[in-house]
Every structure is written in C-alpha cells, then in structure tokens.
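Have a look at the sequence and the fold first, then read on.

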Amino acid sequence: MLDILDQDIQYLPGVGPRRKTLLSKELGISTYKELLEYYPYKYVDRSRIYRINELSGDMPFVQIRARILSFETFEMGFHRTRVVAHVSDGTGVADIVWFSGAKYIISHYKLSTDYIIFGRPTVFNGRYQFAHPDIDPASEMQLSQMGLQPYYVTTENMKKTGMTSRAIEKLIKSMLDNMKEPLRETLPDFITKPLNMISRDEAFRKIHNPKTPDDMSKARYRLKFEELFYVQLNILRYASDHRRKYRGYIFSRVGKTFNDFYFNNLPFPLTGAQKRVIKEIRKDMGSGQQMNRLLQGDVGSGKTLVALMSMLIAIDNGFQACIMAPTEILAEQHLATIKGMLGGMDVNVELLTGMVKGKRRKAVLEGLANGSVNILVGTHAVIEDTVQFARLGFVVVDEQHRFGVAQRARLWNKSDKPPHVLVMTATPIPRTLAMTIYGDLDVSVIDELPPGRKPVVTIHKYDDQTTSLYNGIRKQINEGRQVYIVFPLIKESEKIDLKNLEDGFEGLKEAFPEFRLSKVHGKMKPAEKEEEMKHFVSGETQILVATTVIEVGVNVPNASVMVILNAERFGLSQLHQLRGRVGRGADQSYCILVSKRKLSEETRKRIDIMCDTNDGFRIAEADLKLRGPGDLEGTQQSGMAFDLKIADIARDGQLVQLARDEAQKIIDKDPMCQKQEYAMLWKRLDSLRKTNINWSAIS
Ligand code: ADP
Ligand code: MG
C-alpha cells in the first residue's frame, strides 16, 4: 500500500514540474514526507491586529488592516523606481514602500480594498513606514485562522521565482488539507500516553500551523522526542546486539611488564584519578565483555600515561596494543613520549603513519603480523585493511570525536575477537552528544590534574595594545619564564598565514632584541622543526613563535605565557587546547588572547568564556551551544549515526536523556526484539534504517 507520505510533491496543487525541480535541488524535498518534515525555523504571532495610532518605533513585526489611498512613485536613477503606497485604517496614515517591482505592485494591489499588512514599522518623514511587508487581502485572512505564522528557510534561487517562506507555508497548508486520513502513528500508546504526547498526525498539523504557543510547544515536544527516541533505540539495540555476540578477550593478570614499569620507570606518583581510571579499565578487560570506554580528561590531566599502562596490561597477557592519534605530528610525539617512558624496558614500539613508506613500512607490517611489535603508534593508517596484527587485543584512540560506532566496527577484522577500545578526549564531549555518537561507551573521567598546577589566568587584549602586551612578556621572561606566541594557520589561507608568521617573527625579533626566539610551523622539515623545538625545550630560546603545531603534546613546564594572535580565528576547543600548553609548572601562567577590536557577537562570546573558565567541560558545552553539534570539531564527517531535523542535541539535553531512558526500557524488556507488543517499534526502526545511510552504516 502506498503511503501518502511517499507521494511525489509534483502533483501537489501549486507545485508542478518546475517548482518540484527547484524544491528538490535547493532543499532536497521531493516527497510529501520531506515537505512535511521541512520544519519552520521560527514563528511570528499574527493573532492580533494593531491600529495605526498604536504603532511605536520600537515594535517587532506587527500587522495592520488598512486600505490603500494612493500610490506615488519616485525615480531613484539607474532606471529604478521607488513606490510608496499611502494607507489608512481610519486611525491614522502609514506608508508602504517598495524599492523594486513597481509595475507589478501598482497593477496588483487595488485601491479601496482592505489588506492585512505585516512588517516591521519604522519612522520615516514623521510617518510609520513598512518596507516590503507581507500583504494579503483581508477577505482571505481570518483572524481566527492566523495564530502563529511559521517561517521557513528559503534560498536566493527560490526567492527569485517567488518561492518565499510564504509560498512554502501555503504549499504545506494545501498538502495537509489534502491528507484527509490521519497520519499513521509511529509511537505506541504506552510511550505517548504517560508522557502526555499528542498524536503524530496532530503534531505535524500543529507544527506547521499552530494556533497558540502551546500548540507549537506540544508539537515540537512530540516530534523532537520521536526523532531522538529512534536514534537512541537504534544505538542501544546495536550495543546490546554486540554485547551478546562478541565476547571480549580476558586479560586476567597484571604481569612483569606492568610491574617493572610501575616500580622502576614511573617518573611520578599517579594521581588519584589516574589510579581510579586504570582500575576501571583493568576491571573491564578482565570481565569477559569487550571494553568500549571513553576517557575524558582535561588537557594535561595525564591521559597518555593511563593509556600506556593499560597497553602494558595487554602485553602482559600476550597481546599487542595500538594507539591512534589524529595527526602525524601527534603520533610522532606519542612515539617519543612512550619510548622515553619505557626507557630500558624490553617492549618493541613502532610507528605507522602515511609518512612511513617503503622498506620501513614493510618491516613494521611484518613485525605486526609476526607479533614482534608490541605497541603500534599511528594515525588512521592503522585501521586500513592492509594492516594485520598477530594478536591485537587493545586499541587506544586519542583525540578523535569522529571515531564513532561505524569506525570502531573496522577494528573487528583485525583479530578473531574485537579488541578492547579506549577512546580518549580532552575536549570533553557533553554527555548528551557522547551518548548519541558513541551510544554504548562507558565513561571514565580524570577530574584531577597532577599536583602543583595553577589555573591559567586568561586575558583578552586588542591588537592595538602591543606595548602593554610586550611589556608583560618582557617581565615574565626577565623572571626566568618562557613564552609561546601562536599565529593562526588555516589551510585555505596557508600562504598568507605563513607570510604573516614570517613577518610577525621578524617584528618580534626587533621588539625583543635582548631575547632569543625559535620558530616552528607545519611546513618545516621534521628535522628542522625538532631542532628548533629542542632549543626551546632546553631553555636556550625564550620565545617560541609557532602555528598550531604545538596544539597538542608539547610539554615545557617552564613556559608560562601563551599568546594567541588573531584569537578570533580560532575555535573554542582549539583555544582551550593551546592554553593547555601552559600552566604545567609551579608558576602562575597566563594566556593572552589578542584580537582585533571589531568582533562578531559569537566571537566575543567565545573569548569571554575563555576568560571566564578553565573548565574543559564548560567550554565544550558552550562550544556545542554556539556552533551546534554539526560543526563540532571532528564531527563533520563523523559517520555520526543521526541526522536531526528538529531536535538539537545541545539545547534539548533533557529530552535526549528522556528518549534514552525510554529506549533503554524497551531494550531491557525485549532484548531480542521479538515481543509482539514492541513489534511496531522494531518495524519502524527498520524502515528508518533503510532510509538513513548513516543509521545503517553501523549495523
Ligand atoms: P593529556 O591528558 O593532555 O594527554 P598528558 O598525558 O600529555 O596529558 O600529560 C601532561 C603532562 O603531565 C605530561 O608531561 C605528563 O608527563 C605529566 N603527568 C602525567 N601524569 C602525571 C602525574 N601523575 N604527576 C605529575 N605529572 C604527570
Ligand atoms: Mg594527550
């Protein structure tokens, strides 16, 4: 049976082939269903008509009911005509003004007819004026029907041919009028009733045509919940299937490698949080279940050490381990750190990135296949199919938001059972998002920094305040500290940015003739970079001028000042990561964000939150709110298992939780998806998976 929602919109009155092409090209809408799910982005209250003598200059959009008394036209040059219509409702006179389309306007609108005129009043020449308002004949609009008017996003191409928000509104109205039968319900009563939810049919009608704000919020509640509910049901079902199907390797013992390291090599005592997390990981690895754990810990909280010690447990149980970093530089830094920490021990650590080629690569691959490599450090190159391990038991994924369920599945073919997985992140993902990307991950948190760290003081300065900036830097260096100065480097403007860095470097050398400076950027040869870094690490140079290559990994406790130039060009999590490079020693550290004076509101908010808090969780939360989950660093092509049309992970946190709880109840009661009373849910989920590529990618 053909569902009415699958019908082609071409046959909807008012559409036709041309508009259909436009709608499908511009908005991806070609069926009733897609049009129905094209939700308004805002509503404007049109339940009240104002009199002209009630208008005031600071009103938002309002509507009046008035007649056109006369038209007047003014030549503006370049063959452009401004049209003014003088209108009256008996309480006063107002003007409507158009800056284009004179001919059409004068022929289309009639004198002595009542119109509903909707727009934003401004004062011009002592009169209220509406520029390009919405105008409808009053006879076609009944106040009782007006309620809240929905607004839809349209594109420039659409507007050119008259496909305005208003036109979409009318199309949807006519579609809803066409749908005589109520829409099929997609949530069972036992979920909707206790939660006081309106039916699906009612929700769709009300979301596009609410009479009152209450209608609107009931419709949104129902539709958002449903969207989130099926996302959660999908992820939880996946998780429960996998738990049943895949038993994990059992790492039953802690052996010589771990103990040797712990008693001989560990350079400092573990923090309480590190100890707790290592215990949690050990427990998981010994349980017979396959571990999927997310380790959240702020920059500098010591996650690498936790990862290393967990890898040693895998080695003690006869397995190989690997750690994946998002960039080559980070992978190289991990290699150096790990080799350094394991100094003198009999553990074979190798590197595999895109840069490792030829003979070297062959040797590493062989070592992995015959089991002689114990720990592999690498980038995404590690999950390629050509990389085969003898006995991979444990995988650490560092700083990767995009390592969602789909990517994890790629590890399955690397060993007979899926390896244990630890995902580490310093830009903590807010709970609601983590729940939705990872779904089934258990979460560990390092909520304690190694002792002796002081919160970094963050200060905002403008780029015309260099004198005080330089004085501050000079003072710190004279007290024996070192300073980072970071320039932005964005791929798209790489050349200009590099030139900026070079010029900036020369300028800084002149400004600080008494000090020595190093310079590092991503375009330098690795050996050169290393040389420069060494000078800074050893204290020979006092200032390190760099691009964001120092974002992650670098550790110079004596560096106490992080200056970020063009701070407006950095994202929140990047700023937070950079700031994490200082505050590692015993001295008070500073982060100076330097920006131009003229900033967008959003940028100002970003800088304010940085000055306000050092708490990575708060920053991540703010980031999500400012940018929305779609933009969250690393999640763009994440294979994120959802595509939300109405719900918003950042703003609808409580609903995410509610949806998750409801979905969990269902999974608990019907883990095998067999019970008749839940059949409707499983059927619905299957049909959603068929139409959503991302959803099916994780099956
Ligand atoms: P992140 O969590 O950002 O990856 P790292 O693992 O790079 O942090 O650790 C940051 C710094 O803190 C490193 O120099 C590391 O050696 C040091 N560190 C880690 N654990 C401790 C500890 N328990 N006590 C003192 N310093 C520690
Ligand atoms: Mg790290």
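## What sits around the ligand

A residue counts as near a molecule or strand if one of its heavy atoms lies within 4 Å of it. By that rule, 17 residues surround ligand 1, and the closest are Gln274, Gly300, Lys303, Thr304 and Asn555. This is a predicted model: local features need pLDDT of at least 70, side-chain atom pairs count only at pLDDT 80 or more, and totals for chains, interfaces and linings use all residues. As for bookkeeping, residues are numbered from 1 along each chain as its sequence is written, chains are lettered from A and ligands numbered from 1 in the order in which they are written, and side-chain values use heavy atoms, with hydrogens and water left out.

Which helix gives the most to the shell around ligand 1? That's α12 (residues 303-316), with three residues; helices here are DSSP runs (H or I, at least four residues), strands are too (E, at least two), and both are numbered from the N terminus. The shell splits into six nonpolar, seven polar and four charged residues. In that count Ala, Val, Leu, Ile, Met, Phe, Trp, Tyr, Cys and Pro are nonpolar, Asp, Glu, Lys and Arg are charged, and the others, Gly among them, are polar.

## Polar contacts to the ligand

Now for the N and O atoms that pair up with the ligand (a polar contact is a pair of N or O atoms within 3.5 Å; within protein, one must be able to donate a hydrogen and the other to accept it, and residues adjacent in sequence count only if both atoms are side-chain atoms). The side chain of Thr304 puts an N or O atom 2.7 Å from an oxygen atom of ligand 1. A polar backbone atom of Gly302 is 3.1 Å from a ligand oxygen, while a backbone N or O atom of Thr271 lies 3.5 Å from a ligand nitrogen. Taken alone, ligand 1 exposes 570 Å², and the protein buries 82% of that (Shrake-Rupley method, 1.4 Å probe; for residues, only the protein chains shown count as cover).

One open sheet has seven strands in the order β6-β7-β4-β3-β2-β5-β8, with mixed pairing; two strands pair if DSSP finds at least two bridges between them. Its edge strands, β6 (121-124) and β8 (134-137), each pair on one side only. Inside it, β2 (residues 62-77) and β3 (residues 80-88) run antiparallel over nine bridges, and Phe74 has Arg82 in β3 as its bridge partner.

The other open sheet has six strands, ordered β17-β22-β21-β18-β20-β19, and its pairing is parallel. Here β17 (457-462) and β19 (517-520) are the edges.
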